[in-house]
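This briefing treats a metal site, a pocket and a pair of strands in turn. Please keep the sequence and the structure in view while reading.

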Amino acid sequence: MRFKFKIIFYWLKILALPRFDSREKIERHQAKQLKKFARNVLTKSAYYKLFIKNGELDLTDLPMISKSEFMSSFNEINTQGILLEEALHVAIEAENSRDFKSEINGITVGLSTGTSGKRAVFLASEDERAIWVALVMSRVIKPKIFKRQKIAFFLRSNSNLYSSVESSLFEFKYFDIFKPMSELLQELNEYQPDILASQPSILTDIAEAQKKQIVHIQPIQIISFAEVLHESDKTELKKIFDSKLSEVYQCTEGFLGVSCAYGTMHLNEDFIHFDKEWIDDELFYPIITDFSRHSQPVVKYKLNDILQIKKEACLCGSKFMALEKIIGRDDDVLIFSGKKIYPDLISRRIALQTNSFNKYSITQVGPMELQIGIECDPAIYDSLIKVFQNVLVTLFEEFEISGVHYDFQNKVDYTTGSKLRKIKRFNYGN
Ligand SMILES: [Zn+2]
């Protein structure tokens with residue numbers, strides 16, 4: 001019960017936040033939050049307390065870190081005196097036994113592999129979990145006072161962080177995506193959710209099943225998270241389900257943003273300060289400092305996501321930083337002779353030419369080697385090869401890239417539970 005009160009407490013606190021109707025207000029709020037964060041949280045971190053001088057913290061003095069330093073300095077960064085070895089042990093044990101009580105002294109321990117496959121351990125206290133739930137409630141799922149909403153949540157593993165969204169306002173069912181899809185679809189059909197939340201590759205599978213009348217569900221809202229939602233998938237989902245579609249930009253490092261009624265992704269700048277490492281005048285890597293984290297501070301943490309800034313103001317009126325697009329993870333980018341090709345560019349070009357495939361994947365397996373899997377009706381496979389090849393050849397010509405080898409197959413290698421990315425690059429030695 002205490003946990004529910006905490007959620008309500010933080011939810012009211014979020015509702016009571018001032019209206020951020022100008023950039024100045026957001027910046028002033030962040031400066032105030034940073035001071036509080038330094039005083040209340042960073043003083044407890046062996047790693048960060050050295051940077052606080054006379055109770056003041058200058059963000060510019062702090063080192064920028066990425067996942068590998070975040071892990072190698074785990075013991076010094078976290079404020080709970082938890083050792084990496086102990087946390088890893090608890091997290092792996094929980095994952096293996098699928099007994100999801102992975103806690104150390106009331107702190108939830110979560111394991112993430114991310115797209116790189118490298119392990120990282122994340123800590124979350126009860127308060128942090130309550131803040132997360134309150135944020136999701138206020139930004140993504142609007143509670144309906146007189147109707148309990150049923151949420152179907154498709155996840156790789158049931159972390160305690162997510163299963164906490166349960167109250168008189170919500171009913172929550174977790175679908176383990178390690179299970180066979182046919183079983184999940186049956187369960188989903190029985191459950192009849194009001195809200196469907198999943199990664200896009202699963203959402204499109206569910207949409208496909210709905211189209212084939214294997215499932216019959218009428219969710220009022222669809223929430224996409226964990227992977228980039230491609231424009232073509234968005235159109236397809238909207239066509240099949242007549243539901244509100246919300247895109248959540250969430251990773252293990254934090255709840256970073258959510259799309260507005262106009263479909264624009266806005267970053268949660270009232271909780272997270274975003275610095276930008278510019279790639280060109282539109283694209284950047286976000287560097288985040290999350291004021292809502294206490295047990296394991298996330299400070300000047302560089303993500304390997306590539307974001308494209310939206311230059312015009314969004315029509316919804318929000319002053320929070322707006323994105324044109326989440327381009328993808330760094331390891332989604334194809335690199336030929338040192339030239340980068342962003343996955344979004346390829347998927348958009350393909351979407352303009354054809355929609356007759358079920359799904360496809362493009363994987364760079366060598367410096368000049370592409371493996372292309374197209375799942376489609378065998379009768380049109382040969383013609384699709386031509387379409388894909390034309391798109392790629394034309395695109396590469398524009399980038400003055402030549403000598404790429406294509407290897408086609410009539411299937412998409414798909415391991416259930418893995419994050420399916422349409423376009424990816426294997427680390428083949430770089
Ligand atoms: Zn907007």
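In this predicted model, both Cys-260 and His-266 are buried. These two residues also belong to the set that coordinates the zinc ion, and Cys-260 is among the residues nearest the centre of the second largest pocket.

**Zinc site**
- The zinc ion is held by four residues, namely Cys-260 through SG, His-266 through NE2, Cys-314 through SG and Cys-316 through SG, at 2.1 to 2.3 Å.
- The site is tetrahedral, with angles of 101 to 114 degrees among the four donor atoms.
- Along the sequence, the donor residues follow the spacing C-x5-H-x47-C-x1-C.

**Second largest pocket**
- The volume of the second largest pocket is about 1000 Å³.
- Its lining comprises 36 residues, and those nearest the centre are Arg-139, Cys-260, Cys-316, Ser-318 and Phe-320.
- Two of these central residues, Cys-260 and Cys-316, are zinc donors as well.
- Helices H1 (2–15), H6 (126–139) and H10 (231–240), together with strands E8 (244–251), E9 (254–259) and E10 (265–267), each give two or more residues to the lining.
- Strand E8 gives the most, with four residues.

**Strands E11 and E12**
- Strand E11 (residues 272–278) and strand E12 (residues 283–290) run antiparallel and are joined by seven bridges.
- The two strands form a hairpin, with four residues between them.
- Within this pairing, Ile-272 stands opposite Asp-290 in E12.

Methods:
Residues numbered from 1 in each chain as written. Predicted model: local features only at pLDDT ≥ 70, side-chain atom pairs only at ≥ 80, totals over all residues. Heavy atoms only, no water. Donors = N, O, S within 2.8 Å, 3.2 Å for Na, K, Ca; no water. Tetrahedral: all angles 85-135°; square planar, octahedral: opposite > 155°, others 65-115°. Buried < 20%, exposed > 50% of the residue type's maximum accessible area, 1.4 Å probe, protein only. 1 Å grid on protein atoms, 1.4 Å probe; cavity = no way out; pocket = protein on both sides within 12 Å on 5 of 7 lines; lining within 4 Å. Points joined across faces, edges and corners; volume = space filled by probe spheres on them. Pairing = 2+ DSSP bridges.
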